[in-house]
Amino acid sequence: MVRILPQTKSAAINPLKSSQPLGAAFAFLGINGAMPVFHGSQGCTSFALVLLVRHFKEPIPLQTTAMDEIAIVVGCADHLEEAILNLKARAKPRLIGICTTALVETRDEDIAGDLATIKRKRATELTGTEVVLARTPDFDGAIEEGWSKAVTAMIEGITRSRTQYRDPRKVAILPGSNITVADIEYLRETAQSFGLKPVILPDVSGALDGTVPDHWIPTTYGGTKVEDIRDLGGAMQCIAIGEQMRRPAEALQRLTGVPYVMFESLTGLKNADRFIWLLTAMSREQAPASVRRSRMHLQDAMLDGHFHLAGKKIAIASEPDQLYQFAGFFTGLGAEITAAVTTTGTSKILQVVPAETVQVGDLSDLERLAPGADLLVTHSHGRQAAKRLDIPLMRIGFPIFDRLGSQHKLTILYQGTRDMIYEVANIFQANQHPPTSGAPNPICSRELQNDLNSSSLARQ
Amino acid sequence: MVRILPQTKSAAINPLKSSQPLGAAFAFLGINGAMPVFHGSQGCTSFALVLLVRHFKEPIPLQTTAMDEIAIVVGCADHLEEAILNLKARAKPRLIGICTTALVETRDEDIAGDLATIKRKRATELTGTEVVLARTPDFDGAIEEGWSKAVTAMIEGITRSRTQYRDPRKVAILPGSNITVADIEYLRETAQSFGLKPVILPDVSGALDGTVPDHWIPTTYGGTKVEDIRDLGGAMQCIAIGEQMRRPAEALQRLTGVPYVMFESLTGLKNADRFIWLLTAMSREQAPASVRRSRMHLQDAMLDGHFHLAGKKIAIASEPDQLYQFAGFFTGLGAEITAAVTTTGTSKILQVVPAETVQVGDLSDLERLAPGADLLVTHSHGRQAAKRLDIPLMRIGFPIFDRLGSQHKLTILYQGTRDMIYEVANIFQANQHPPTSGAPNPICSRELQNDLNSSSLARQ
Amino acid sequence: MSLDYENNSDFHAKLIEDVLSQYPDKAAKRRSKHLGVATGGEGSSEGANAVSECDVKSNIKSVPGVMTIRGCAYAGSKGVVWGPIKDMVHISHGPVGCGQYSWSQRRNYYVGLTGVDTFVTMQFTSDFQEKDIVFGGDKKLEKVIDEIEELFPLNNGVTLQSECPIGLIGDDIEAVSRKKAKEHKKTIVPVRCEGFRGVSQSLGHHIANDAIRDWVFDKKKVEFESGPFDVNVIGDYNIGGDAWASRILLEEVGLRVVGNWSGDATLAEVERAPKAKLNLIHCYRSMNYISRHMEEKYGIPWMEYNFFGPSQIEASLRSIAKHFGPEIEDRTEKVIAKYQPFVQAVTEKYQPRLDGKRVMLYVGGLRPRHVITAYEDLGMEIVGTGYEFGHGDDYQRTGHYVKKGTLIYDDVTGYELEKFIEGIRPDLVGSGIKEKYPVQKMGIPFRQMHSWDYSGPYHGYDGFAIFARDMDLAINNPVWGLYDAPWKKKAASATAVAAE
Amino acid sequence: MSLDYENNSDFHAKLIEDVLSQYPDKAAKRRSKHLGVATGGEGSSEGANAVSECDVKSNIKSVPGVMTIRGCAYAGSKGVVWGPIKDMVHISHGPVGCGQYSWSQRRNYYVGLTGVDTFVTMQFTSDFQEKDIVFGGDKKLEKVIDEIEELFPLNNGVTLQSECPIGLIGDDIEAVSRKKAKEHKKTIVPVRCEGFRGVSQSLGHHIANDAIRDWVFDKKKVEFESGPFDVNVIGDYNIGGDAWASRILLEEVGLRVVGNWSGDATLAEVERAPKAKLNLIHCYRSMNYISRHMEEKYGIPWMEYNFFGPSQIEASLRSIAKHFGPEIEDRTEKVIAKYQPFVQAVTEKYQPRLDGKRVMLYVGGLRPRHVITAYEDLGMEIVGTGYEFGHGDDYQRTGHYVKKGTLIYDDVTGYELEKFIEGIRPDLVGSGIKEKYPVQKMGIPFRQMHSWDYSGPYHGYDGFAIFARDMDLAINNPVWGLYDAPWKKKAASATAVAAE
């Protein structure tokens, strides 16, 4: 049973987490014709925008209510209204997604009330544009929570609640924030290959995939359509991917009665099998040849790769769902999680992370716990710890600003698991420590000695 | 205009090339139900087999005529016959591909005559099995030549020569040896997405792709069917990929009248565009959405990646077609080929390699020419030079035994070019040299000084 | 080596008109003040106000739902002025967001053992949670300072970079600073740079400057033996090693750089600054306040200089040398002469590849004007430039640099900038990461002029060579020639089959 | 610590029968001689011939179109015996194929500056072209030797590893060797190891041994002061550092290892070998010839030893010590005692995870027998074993190791081995890279027992710990539990929808 260790310091030193509103904005970026708006001072928006741009290497539409000292004295509602109207007039978005920041949440105003008033008062001007509010102060949660709240807000704010015709081939898929553009596309193709009609919410594979539009588009392009969010109740089944998506899946079920299945992770043979089995059952179709072949490819990659991963010591720092996803991937190939650090201790998924302990903390905790590991796994800010510890780094999560193509990496189902096995096995192959003439194999010996002396003997 | 420099030494030190019969065997591995046979002593087979296994990480069917001292005295024909009959009886292959080695070619026997005799004498026993001969002594050529000869031998030995009905949707694709399993699959899918029926010869995406058959199969499984080779004359068009494939394409044209188009390379936007344009023209279909989207992805990768590749100095050692393919890829993104080494000086493609000189030679030549480069590009045996020179190595070609998944790397058309841009850009990002306080930027300055002092000023 | 050219004023005026025509009247009126066309100050005649005709307004509030390119006061203090001081720990005080967003955005290089005596690329935050907002964060702040003192005993001080909530919840960070400074015998500097203050990062610079004045100067006895040729380099943040390149050059002419604010700087360098003989200001915008203060209080004169490109390097070196008299002037001439062949080689190599290429700039700080001549030294022409957060005095200074007809835009929106670029289709855009991807997707070469795209330095003679190479690599990359999809072309007739 | 178990003789006999039934009569008869079931020699009683009943024939010609697993004489000389001698350049003499195939296949570790004074992981070939075949290659060979002398002046000699064509074209490489040796004052050794000689790599070992005798021994004056406890380690190629692990152990008991043939060896170590007091033979198969010669000519006794696993380490150390008398014996007991806790800790950790696991081996050299006890020391059982290129004396030696009923297979084909594995479904197969992928695809854990899969060393006490860990990692990896595809399962009823 994993022990969740609370934060050890008051300070965060080299923080692991990013702010909650960024997670909400990220989710809104997965909606077609959307404009995420930070309700706060203009600096946050500018900063968050830069970080999103550095990660995705794409133009990112993100706006601000530009709160200033006067607004802080007299209240936020005017700035919110002005921002919404200006955006509507100029960009004509289908969706405006408001993400509150610490600034406005600190004032403790009735933002939901203000927004309701604005929507009532400006109903005519706002025709054709949904405005959705996610309460995401920076002083709570991280990306997962912001993403989850934004999706929940969209379902609660847009999806029609009345019962409707259920299309037996339509399936609602709610992926967590720990999913790449390539993952989304692969999910869609896989479901379609069974003859199913997937509606993926949010779908970041549109605007963030590196297409090159031929004219200036102020909002997102591509992604889930607002109408599809409205009609989610017509799905036969909802699939939630990641514990963070339980909340929106439950909201959908509450509103429309569409039942949901949870996948804590889609990575690894077992999880992929379960997913394929579900598609088989829903579609009453056999798995197509390409899926079967992918499974064989994964099996083969497991055979070729397990040898390189077996017994390796992995130190991961990531948000809870991604931590679970990757820890499961590694242990599924015989590696061991010797350090696990996460952002918040509240997610239920932490209870089943295959590690002895999960430390709530920051990258300085990772650096403290990682010595002796064979691989660090975290976002780009782990690179300095990796260098200091002389341990290779596998970049996952957000932000990844010093590598290209992170959004085009597949991490789920058969092919994604295969690709990751290759990636990791190749990292290990590139970082082998051959024995020396002085000691038989200093690496092995030292580690064996440690093993033999430590309580890990009793562990297994 | 590129200057081709002849070998500088009598010895080969850290040879770049592999033997010709291995190239022929590799081609035969792309035929369904095939059994390549080395006609020579059993040791070569065993060695070559191990190298193929280490590269593909797959079981490899490869057999031997097990020439011994006595056979060398009395002649090779008996061993050849015995091998063919034993193989036929036990493995029932659809194709036996004989690759001669230096041993039997040194004896200068009439091997073709012997084989004709065996086939005549044993016609009944050999029903249902094609036996094809590729003359591939180790003392000539390298993998490309062996591959090319084996494909030519198959066309000349199996393809029906009489004119036949031309299927307007059928296209014969002859890929060179510098193509991966993933490339083949992508080629096929792309052609199919235009409604075309591609016949790919050889097709290594079957037996060498890492599938896991559920029972013991002594020969290859998957790959081009012998019947499809027989019916190649029914294609409307042949597409040869790589200069090495001109010979088999011409053989096909001579036999059947099927015209061919040469693609020297399918890597890079321009080459991919030309290929897609050809499919469009042949199929009279528009490029499907997925192809258009891939092109946009590539454009975006070029935008994101050119910055990292621009001005980089690349040292490549590879066989001619692959050298051209990769040199074109790199210079197409603004990098410069500062060292190019190849296996044989005879290929016409060398004339258009975008480099000042191409050195015929070995990896010791690469090591001599590479200092100052930002990247080495060659097979796994370049790893020691890379370490000595402290220059990162990108592994291409054969053999790659110290990394997984090399066969599942895509290198052609839009997506393959994109993947390679990411790979290379990430290598450069992982190997940056920040400036120091002592000198502004020793790397840049030194290289600028070199540039400024050298004749490269006049070059551009 | 000034280049002679003129931009098309009428065309640029028309572009502005077109852009404004898309706005509602009120917004158009507001925005029209930020856009203009240069009248042409004819080189560097003192006082000429080249942009006066267009009357560009600047340093004005952004509009909700319209602007996003500017930063905030926190960005100006933490991200620019204080962040690069390497031996201090800079706490992003408040929730995790701001610090995480800005972490490692600027490549302020430094020498030191990170995590031991140096902390620039680390990120510290008090990571406010809801309870800290509700009950106040002073107690937590004390604990954070204590933890840092324990974990990083070699730190030479701490700064508190206030995030938005701090200004709302009534925390007394000044009191905490005084208390803990006394307790740990360290410099602790509270900076009231909450993001809602001011209209951009610019006020953050000012606040940060004031914090140096109020919390660092004259607080300790400074043991420092000053010399006749001591200078401070002020407002060089050592992006990509720029400050190092500048220092090398200044030392070559015989000066002693006793402080570099604040790239690769120590607290001691800040403390001893008042003992220098001259302040050399690189980024006027972010550091003019403290320079004026030093002039007033300690009588240290200041002058601006520009080390981008040989023309400006020579001019700057000569005017700096003039300040110190014949000895330095002699050495300066020798240094300039020494680098002549190098400059010539660079120019000879790159000018043929860059001549006549047209450039649009949009950057912060001093660069919208300072880099202009470096481009011109390579034969390139500046067709448009603008500041993210410039003030009137920035635009006045810009007049000395820009040619007649140059398009000027202040705090430009993504929409406006894109329209201008589309209209002008320059050969190169030099701006920031936010602009990079949209511009490139338009098929136009781009270089980051905030952070030199992982390259640099661009200062000094060596930097000029790197600058020239980088511009060449961007503009002359083959990817720009490859943009039409085959399904967009007419089918060629080779196989006599109609495509499409 | 010998494990007590018996394998199922009847079942294994039936397996052999099934396999043979698929062959034509003639082939079945030939192959039947290579397959058998052990009678069980009951431990290590001298002379017991445990495999006599099954009468396994070995060292017999392979059949065209049937066998491919064996190597050739060139492999035995270049790949095994000569290749690891680090300060000589070994020229693969002939076309490029052989040398390129075998390059870096064996992980013969060494200390030295590769390309300067050490050449093991480099690959040299005279790269014959057609004209060399037609006109002869002696002239080219001379040039190659001259080039090497020029490029690598610190080489201590050259060997010529003949590839097939050399034996056919009538080149006089011996004459070239003599001429060039004289000219360069270096040892040059021609080895007639053409691949068509013999039935496997085994003859290559013999030829290579003879070349040492004829071209190295007694050719130079050897300056070497020998001592009373000098031993040569013969036939340890330092795969994964094995020879280093052995040397450490031998030195701990008080011996001096004056030569290690040929892992990490210099030519000098080979030259001075005749001055040692005892030859310790690890790989009997590849080095017994030269050991017997040294015994005959120089009177140096030889003995085999086995450093795989604690039981054999102890037995071997004690019998080696016995040779040198009480002083060494005393030290040996102390060494054994010293490592007891370590052995116990390893066993306690791994035995519970490996107990009763059944292993099949198929390897070359000495390993089909030598590693058996190491497995048994961990509670594992050997159900089958065989040699790629063993001789009768190898199989006799094997009898001392295997238990009754163990399946024995000589020069087994892929088909036979696969059938045996399918029938037995052991928990682990230990064999070579060629077998690795088919076995793994059957869902059976695998370790390479030629090259330790990039791991090692496996010799000595430390090596035992690594060995135990590796076997555990292979057998207990979670991937083996995940093999059924969901479309092969009956649909579960959870959603009451029929799958398939």
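This is a predicted model: local features need pLDDT of at least 70, side-chain atom pairs count only at pLDDT 80 or more; totals for chains, interfaces and linings use all residues.
Colleague: Why is D:His93 called buried?

Modeller: Buried means under 20% relative accessible area, exposed over 50%, and partly exposed in between (1.4 Å probe, protein chains only). D:His93 has 0% relative accessibility, so D:His93 counts as buried. D:His93 lies in strand β2 (residues 89-93) of chain D; strands (E, at least two residues) and helices (H or I, at least four) are DSSP runs numbered from the N terminus.

Colleague: What makes C:Asp242 buried?

Modeller: The value is again 0% relative accessibility, so C:Asp242 counts as buried. C:Asp242 is in helix α10 (residues 242-252) of chain C. Not counting residues up to four places away in sequence, C:Asp242 touches C:Asp236, C:Arg367, C:Trp452, C:Pro457, C:Tyr458 and C:His459.

Colleague: Why does A:Ile70 count as exposed?

Modeller: A:Ile70 has 57% relative accessibility and therefore counts as exposed. A:Ile70 belongs to helix α3 (residues 69-74) of chain A.

Colleague: How do you know that C:Asp127 and A:Lys17 meet in a salt bridge?

Modeller: A salt bridge is a side-chain nitrogen of Lys or Arg within 4 Å of a carboxyl oxygen of Asp or Glu. The N to O distance between the side chains of C:Asp127 and A:Lys17 is 3.3 Å, so the pair meets the definition. Between chain C and chain A the count is four salt bridges.

Colleague: How much area do chain C and chain A bury between them?

Modeller: About 5500 Å², with 61% of it on carbon and sulfur atoms. Buried area is the accessible area (1.4 Å probe) that two parts lose on being put together, summed over both. C:Pro64, C:Tyr101 and C:Lys441 supply 15% of the area that chain C buries against chain A, more than any other three residues. The contact takes 64 residues from chain C and 66 residues from chain A.

Technical notes. Residues are numbered from 1 along each chain as its sequence is written. Chains are lettered from A and ligands numbered from 1 in the order in which they are written. Side-chain values use heavy atoms; hydrogens and water are left out. Contact means heavy atoms within 4.5 Å.
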